[in-house]
Amino acid sequence: MTAPPLALDIDGTLTRPDGWGIDPRIFDPLRDWDAPVVIATGKAFPYPVALCHFIGIPELVVAENGGVVYTGDDVFFTADREAAQAVVEDYRAAGYSPGWGAENTVNRWRETEVAVNLDQPVGPLREIAAEHGLEVIDTGYAYHVKDTTPNKGDGLETIAEHVGFDLEACVAVGDSVNDVSTFQAVGRSFAVANADETAKAAADEVLEESHADGTLAVLERVGGHWTG
Ligand SMILES: O=C(O)COP(=O)(O)O
Ligand SMILES: [Mg+2]
């Protein structure tokens, strides 16, 4: 009769109905959640750490699409940034730009991949990434130039092992292709209504509600009366 561990994406999943900014309604239920809460995101490491800090929950974090994993005790890096940086240098040499401005905070603390603004041409980016043996994923919030190996699901497994919770009991919510590995790693997965087709196809259930409304509906459903 206890609450299940949670694996939650940020953008598209904890966001306000207009898609941007954290919905403040998620703070109290997550702070009071009676089981581990893992924030699994494509965003750079400081963002989910800060989110946990401001919610007031232990820092259990998968960042950079699995490139950085934090168990609360140890940090694991499963890729390095150098290869992605080389792709971006070639992209620049071809006349393009990551599209964030010179002193951007999107990539400033990013350690294992590089993000490119969605308003930049993705065709040449994909071509150059492929030449370097890397991939480009589109989360609906940014293009991520990354090593093909890391993913959120493997990061979540690392955290579950260290913290000691059962992934089969874990409930995940997400909205995009970078959440598919999370969905595959857990016992029960939900895609919010605004999710992309890949995430919807991979989820056990597609919610009627969008963004944080979807996540709040899941918390309502599974909180406290979970039987596994
Ligand atoms: O960083 C992104 O592009 C998306 O972030 P998310 O994985 O928390 O949705
Ligand atoms: Mg997302």
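Modeller: Let us start with residue classes: Ala, Val, Leu, Ile, Met, Phe, Trp, Tyr, Cys and Pro count as nonpolar, Asp, Glu, Lys and Arg as charged, and the others, Gly among them, as polar. This is a predicted model, in which local features need pLDDT of at least 70 and side-chain atom pairs count only at pLDDT 80 or more, while totals for chains, interfaces and linings use all residues. Residues are numbered from 1 along each chain as its sequence is written, and chains are lettered from A and ligands numbered from 1 in the order in which they are written.

Colleague: What does UniProt list for Asp 9?

Modeller: An unreviewed entry gives Asp 9 as "active site"; UniProt positions follow the numbering used here, feature names are shortened, and annotations may be inferred rather than shown by experiment. Asp 9 sits in the loop between β1 and α1 (27-31). Helices (H or I, at least four residues) and strands (E, at least two) are DSSP runs, numbered from the N terminus.

Colleague: Is Asp 9 buried or exposed?

Modeller: The rule counts other C-beta atoms, placed from the backbone, within 10 Å of a residue's own: 20 or more is buried, 12 or fewer exposed, and in between partly exposed. Asp 9 is buried because 30 other C-beta atoms lie within 10 Å. Beyond four places in sequence, Asp 9 touches Ala 40, Thr 41, Val 173, Gly 174, Asp 175 and Asp 179.

Colleague: And where does Lys 152 lie?

Modeller: Lys 152 lies in helix α5 (residues 152-163), and the unreviewed UniProt entry marks Lys 152 as "binding site". Lys 152 counts as buried because it has 30 C-beta neighbours inside 10 Å. Its contacts, leaving out residues up to four places away in sequence, include Ala 40, Asn 178 and Asp 179.

Colleague: In what order do the eight strands form the sheet?

Modeller: Two strands pair if DSSP finds at least two bridges between them. The open sheet runs β5-β4-β3-β2-β1-β9-β10-β11, with mixed pairing. β5 (75-77) and β11 (205-206) are at the edges with a single partner strand each, so one side of each has no neighbour in the sheet. Strand β1 (residues 6-8) is parallel to strand β2 (residues 37-40) over three bridges, with Leu 8 partnered by Ile 39. β1 is also joined to β9 by three bridges, again in parallel, and Leu 6 is opposite Val 171.

Colleague: Which way do the residues of strand β9 point?

Modeller: In β9 (residues 171-174), Val 171 and Val 173 point one way, Ala 172 and Gly 174 the other way, and all are buried. β9 runs parallel to strand β10 (residues 188-191) over four bridges, where Ala 172 faces Ser 189.

Technical notes: Two residues are in contact if their C-beta atoms, placed from the backbone, lie within 7 Å.
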